[in-house]
Structure formats: C-alpha cells, structure tokens
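Dear colleague,

I am handing over the structure below, and after it I set out what was found, with the cut-offs stated where each term first comes up. Please read the two together.

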Amino acid sequence: MEKVNESQEYYDGLVASDPTNATAWCIRGMYYNDNYGQYAEALESCNKALELDPESGIAWYLKGVILINTNMTDEARLCFENATRYDPGLAQYLPFIVDNT
C-alpha cells in the first residue's frame with residue numbers, strides 16, 4: 001500500500017508541476033484506472049487531457065478503456081472511433097478491447 005501511495009503522489013505531482021500538460025493528465029488517468037478501480041478519478045484526468053488536447057488519440061483510447069471498465073460500452077465505442085481518427089495506429093488494440101465487451 002505504501003508503494004501505491006507513493007505512486008499516487010508521483011502522478012498527482014506530475015500534473016501539479018505542469019497542469020497544462022495533456023500527456024501528464026493522461027498518464028495520471030492511466031494510473032488511476034489501473035489502481036483499485038479509481039475510475040471516476042481516471043475519467044476526470046482523461047477529460048482534462050482531452051480538454052487540453054482534443055486530438056490526443058491515446059487520451060481518447062484511455063477514455064474508452066475507462067468507460068468499458070464502468071460498463072458504458074456505447075460511449076466507449078465513440079471514444080475508440082475518435083482514438084483511431086487521431087491515431088490510426090491504435091486500431092491494432094481495438095479488436096481485443098471491443099471483443100471483450
């Protein structure tokens with residue numbers, strides 16, 4: 001648990017040090033998505049990343065993953081469409097995600 005708390009402080013500090021960095025917000029969102037199902041916090045970070053960079057394919061992809069994790073499949077599909085529009089290389093990861101919904 002101590003390592004998780006240290007990691008959380010790290011990712012929170014990442015965005016605190018540069019709140020206009022969309023990538024930092026996206027990385028923070030990944031952390032929260034992957035740790036203890038903190039999906040609301042993950043989604044908030046992801047939305048901030050998209051606010052700063054609406055054409056971030058990875059942020060759209062992450063938002064789709066978070067929405068899948070919260071059983072919001074229809075909304076997730078729209079996010080995955082945006083993800084591949086802005087970053088066509090992400091399409092290779094979609095069959096796995098979409099097939100598991």
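Phe80 is found in helix α5, where helices (H or I, at least four residues) and strands (E, at least two) are DSSP runs numbered from the N terminus. This is a predicted model, in which local features need pLDDT of at least 70 and side-chain atom pairs count only at pLDDT 80 or more, while totals for chains, interfaces and linings use all residues. Residues are numbered from 1 along each chain as its sequence is written, and side-chain values use heavy atoms, with hydrogens and water left out.

With a relative accessible area of 3%, Phe80 is buried (buried means under 20% relative accessible area, exposed over 50% and partly exposed in between, with a 1.4 Å probe and protein chains only).

As for the protein overall, it has six helices and zero strands, and buried residues make up 37% of its 101 residues.

Two helix pairs deserve a separate paragraph. The axes of α2 (residues 22-34) and α3 (residues 39-52) come within 8 Å and cross at roughly 165 degrees, where axes are lines fitted to C-alpha atoms, for helices over the stretch in contact, and angles run from 0 to 180 degrees between N-to-C directions. That makes α2 roughly antiparallel to α3 (angles under 35 degrees count as roughly parallel, over 145 as roughly antiparallel, 65 to 115 as roughly perpendicular and the rest as oblique). In the second pair, α3 and α4 pack at an angle of about 155 degrees with their axes 9 Å apart, and they are therefore roughly antiparallel to each other. Residues of α3 including Ala42, Cys46 and Ala49 meet residues of α4 including Ala59, Leu62 and Ile66, contact meaning heavy atoms within 4.5 Å.
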